[in-house]
Amino acid sequence: MSTINLSKTIRLLENAKELENDKRVEMIMNGWQTDKYHIQIATSERTFRRIVNAADKVANVQLSLFEYTSYQIGKMEKEKTKRTYFGDYCVHTKLRDLSLNISIGTVLHIVNKAHKKAYGEEAPAELVKEVKRVINKF
């Protein structure tokens with residue numbers, strides 16, 4: 001079994017879900033390129049979310065201190081200290097998933113209309129599947 005130096009490989013938690021009928025959480029992490037890593041943690045989703053929420057609070061404090069210090073030394077204008085950080089992984093995940101579903105629905109609607117106009121029929125299931133795969137990989 002080979003080991004991976006995750007600190008140099010993984011850069012962002014994409015999603016986390018509790019595995020059905022199990023007391024584990026699977027995290028999906030984005031790598032530096034297009035790599036995705038699936039990591040399972042032996043904990044309940046409730047415990048995982050409690051830990052992530054605590055980490056969000058720490059991140060919020062750290063970002064606030066960084067922005068205040070940057071403003072004080074003239075590296076950041078006061079108007080730019082407003083960030084889009086939600087401070088809640090759960091909210092961020094739901095909004096990202098909603099946005100992705102809307103994007104996929106829009107693209108599939110466009111592809112289906114174009115296919116129907118060009119070929120006189122609905123887009124085949126294989127094309128729909130491939131479009132979803134490409135979007136999710138992108």
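I looked up serine 44 and found it in the loop between strand 3 (36-41) and helix 2 (45-72). Helices (H or I, at least four residues) and strands (E, at least two) are DSSP runs, numbered from the N terminus. The model is predicted, so I note that local features need pLDDT of at least 70 and side-chain atom pairs count only at pLDDT 80 or more, while totals for chains, interfaces and linings use all residues. Residues are numbered from 1 along each chain as its sequence is written, and side-chain values use heavy atoms, with hydrogens and water left out.

**Serine 44.** I checked burial next. Serine 44 has a relative accessible area of 17%, so it counts as buried (under 20%; exposed is over 50%, partly exposed in between; 1.4 Å probe, protein chains only). Its side chain makes a polar contact of 3.1 Å with the side chain of threonine 47. A polar contact is a pair of N or O atoms within 3.5 Å; within protein, one must be able to donate a hydrogen and the other to accept it, and residues adjacent in sequence count only if both atoms are side-chain atoms. Leaving out residues up to four places away in sequence, I list Glu18, Lys23 and Val25 as touching serine 44 (contact: heavy atoms within 4.5 Å).

I followed Val25 into strand 2 (25-31). Valine 25 stands opposite isoleucine 41 in strand 3. Strands 2 and 3 pair in the antiparallel sense over six bridges, where pairing requires at least two bridges found by DSSP. A hairpin of four residues joins the two.

**Core.** I then looked for the largest nonpolar core: it has seven residues, Ala16, Val25, Met27, Met29, Tyr37, Phe48 and Val52. Strand 2 supplies the largest share, three residues. Such a core is a set of buried Ala, Val, Leu, Ile, Met, Phe, Trp, Tyr and Cys residues joined through side-chain atoms within 4.5 Å.

**Salt bridges.** I searched the whole structure and got four (a side-chain nitrogen of Lys or Arg within 4 Å of a carboxyl oxygen of Asp or Glu). One of them links arginine 24 to aspartate 22, with the closest N and O atoms 2.6 Å apart. Arginine 24 is partly exposed at 31%, as is aspartate 22 at 27%.

Glutamate 45 bridges to arginine 49 at 2.7 Å between the closest N and O atoms. The two are four residues apart in helix 2, so about one helical turn separates them.

Arginine 133 and glutamate 130 form another, also with closest N and O atoms 2.7 Å apart. Both lie in helix 4 (residues 125-137), three residues apart.
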